[in-house]
Amino acid sequence: MTALISPELVVLDADLGSDKAAVVRRLAGLVADAGRATGADALAGDALAREAQAATGLPGGIAIPHCRSAAVTQASLAFARLAPGVDFGAADGPADLVFLIAAPAAGDADHLTLLSALARALVRPDFVASLRAAGSAQDVVALVEEVVSPKPATGATAATSVPAPASSPAAAEPAAGSAAAAPARRRLVAVSACPTGIAHTYMAADKLAAAAQAEGVDLVVETQGSSGSTPLDPALIRDAEAVLFAVDVGVRDQDRFAGKPVVQSGTKRAINEPEVMIREALAAADDPNSRKVPGSGAAATAPTSGGGRPSTGAEIRRWLLTGVSYMIPFVAAGGLLIALGFLFGGYQIVSDNPDVDGQNYALSWVLNNSFFDLPSASGIEGLNDGFWGYLGAVCTVLGQAAFGFLVPALAGYIAYAIADRPGIAPGFVVGAVSVAVGAGFLGGLVGGILAGLVARWIASWKLPSGVRGLQPVVIIPLLATLISSGIMVAVLGRPLAAALEGLGDWLNGLSGTSAVLLGIILGLMMCFDLGGPVNKAAYLFATAGLASQTSGSLVIMATVMAAGMVPPLAMAASTAIRPRLYTPAERDNGKAAWLLGASFISEGAIPFAAADPLRVIPSMMLGGATTGAIVASSGVELRAPHGGIFVFFAMSNVLVFVVALIAGTIVGAVAVTIAKSIGRKKLDEVPEDAVDLAHAHAHNPAPAVSAPARV
């Protein structure tokens with residue numbers, strides 16, 4: 001492997017300019033002059049663009065401007081020891097030690113691992129002192145090569161940890177001859193990530209790990225960086241008291257940490273004051289009202305196939321949930337706009353306009369009329385003209401356009417979950433092809449997985465350095481799109497289209513007993529994991545059919561929404577009926593759950609389910625099944641995908657919907673109240689502080705009394 005740094009990339013005790021832009025340009029020039037980049041200006045531009053996102057100055061007179069750039073042909077380090085120093089945004093003043101870290105846009109994992117090793121070394125005072133004392137460029141090169149040499153080292157793995165967790169035998173057993181076991185160490189987990197995933201990601205991880213060790217806390221950090229990421233073992237997440245997010249970008253698979261107390265900041269704060277963040281996380285773990293990671297938490301308990309790696313089933317579930325979560329905004333926007341279109345324009349707004357071939361009223365009015373030339377269609381039942389008709393037409397066309405992205409977005413972000421950004425283009429294209437060949441959302445599911453796997457496979461190819469820069473922007477999109485979409489057209493499209501057509505015919509023919517059964521099944525699914533994979537599967541089933549606007553699909557949408565509203569409403573009712581069964585914090589959550597349930601936010605019941613799943617979840621499923629059966633058998637139709645009571649205007653038989661919702665809420669509330677009353681003491685028999693403490697540490701046996709000794 002070619003060295004990252006060489007003497008011609010080192011400048012000692014030099015004046016490279018009065019500001020950081022000048023310094024970055026001079027260092028980029030060194031990289032280009034050494035034949036490691038195609039142009040100094042392009043490299044400097046990318047580095048300064050990264051600098052604009054967040055300053056790269058660090059405490060102690062250090063700066064690490066860095067970027068991934070298509071101009072870089074070979075991963076490189078350029079180093080300057082400045083005299084005088086230049087301000088790179090650090091709180092303690094100018095930097096005199098500056099590393100420009102230049103990585104290729106499609107840099108291989110080996111080079112990125114070495115670059116991250118340098119970033120980690122910069123948090124060591126001895127390494128920084130050696131750089132300041134170096135007498136020549138060759139001395140700097142030797143120092144850098146020593147820390148980035150590819151020797152096995154515990155400090156360069158994707159997961160950073162401090163001494164053995166309390167669950168390990170070494171930590172759990174007291175020393176021989178000791179009078180009593182030492183107090184259990186407290187446990188935290190963390191995620192660090194920066195936009196480029198090269199420097200701040202790993203420096204933040206090491207700073208947090210060192211601070212945790214000093215505080216006597218067990219900490220494991222997942223670094224979501226460019227050199228790879230090893231996901232935290234679900235058991236570690238489950239046993240952790242709280243989670244720290246030291247991130248400048250979104251956290252991948254955040255749902256794994258759902259329900260955990262969280263402290264979040266950028267990577268710079270984790271580097272500058274890691275001790276404060278550790279103490280804040282411990283305090284959050286002790287506070288029942290602290291901020292929690294949103295979501296269902298289902299992923300945190302996903303099974304693993306060994307070695308802490310997610311099982312195949314868990315991985316597929318993560319891919320599908322990612323696609324669904326990114327698809328939902330398209331569904332919500334498109335569905336609500338279409339619902340408004342029906343409200344303003346009437347239900348005939350999507351009917352064919354006999355005066356314009358191939359266009360419905362909505363499209364023909366949008367193309368041929370305006371607010372200053374309003375359409376006229378008087379005398380047609382179910383169709384409004386004039387101002388309201390034109391407004392309805394506009395909403396309908398916009399909603400249908402948003403719905404056009406439903407399957408491509410689903411497929412595109414499933415592929416993204418598998419292959420990261422290289423999977424997006426092939427995924428979107430195969431999704432669009434699925435719509436074109438009639439495979440619909442089934443084609444989107446299958447095609448998204450196919451596109452992601454193909455893109456990930458092509459991304460693993462070791463290409464010559466001369467064409468490596470083309471891999472993410474040309475080679476992967478071209479070949480992955482050709483392969484996945486070609487298979488969809490030639491092999492999968494027709495069978496999936498036939499399956500989708502058969503499913504639609506069956507749904508449209510549902511009535512009587514079969515409709516009741518479908519309502520029960522959908523109700524159970526919506527209440528099983530409250531926003532998790534099963535809930536999302538039922539919701540996807542409903543929203544994917546909403547685009548067809550058939551009677552069967554509209555009934556399913558109404559059934560899913562009604563059942564999903566039950567859990568928060570039932571828990572709110574139970575806290576009002578028997579408040580002594582709940583902690584003060586749960587009673588407060590119950591008050592908020594009224595609005596959450598009314599808005600169709602099933603996650604409003606998660607705090608109750610997390611604290612007492614065996615009593616809460618079956619009770620909610622019973623209530624949801626009751627509501628689902630009533631709505632489905634009554635033929636209630638809903639044209640909007642979200643909104644709860646706020647989209648009654650898009651619903652038929654509103655009174656039946658409300659009756660079904662009240663019935664399910666009563667059944668769920670009575671069931672959970674009875675379940676909680678059996679075999680448990682009333683809370684008025686136990687001091688409230690003791691109950692709150694037990695609730696806060698329901699999944700963590702570590703005694704809270706040990707906290708003051710470490711904080």
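Reader: Which rings count as a pair here, and what do the angle words stand for?
Author: Rings of Phe, Tyr and Trp (its six-membered ring) pair if their centres lie within 6.5 Å; planes under 30 degrees apart are stacked, over 60 edge-to-face, and the rest tilted. The model is predicted, so local features need pLDDT of at least 70, side-chain atom pairs count only at pLDDT 80 or more, and totals for chains, interfaces and linings use all residues. Residues are numbered from 1 along each chain as its sequence is written, and side-chain values use heavy atoms, with hydrogens and water left out.
Reader: Which residues do ring pairs link into a cluster?
Author: The cluster consists of Phe344, Phe371, Phe387, Trp388 and Tyr390.
Reader: And how many aromatic pairs are there by this rule?
Author: The count is 12 aromatic pairs. One of them joins Phe245 and Phe257, edge-to-face, with 5.5 Å centre to centre and 80° between the planes.
Reader: Where do Phe245 and Phe257 lie?
Author: Phe245 is in strand β10 (residues 242–247) and Phe257 in the loop between β10 and β11 (262–265), 12 residues apart. Strands (E, at least two residues) and helices (H or I, at least four) are DSSP runs, numbered from the N terminus.
Reader: Is Phe257 buried or exposed?
Author: Phe257 counts as buried because its relative accessibility is 0%. Buried means under 20% relative accessible area, exposed over 50%, and partly exposed in between (1.4 Å probe, protein chains only).
Reader: Changing topic, what kind of pair do Tyr582 and Phe608 form?
Author: Tyr582 and Phe608 are edge-to-face, 6.1 Å centre to centre and 90° between the planes. Tyr582 lies in the loop between α21 (551–577) and α22 (584–598) and Phe608 in helix α23 (residues 606–611), so the pair ties together parts 26 residues apart in sequence.
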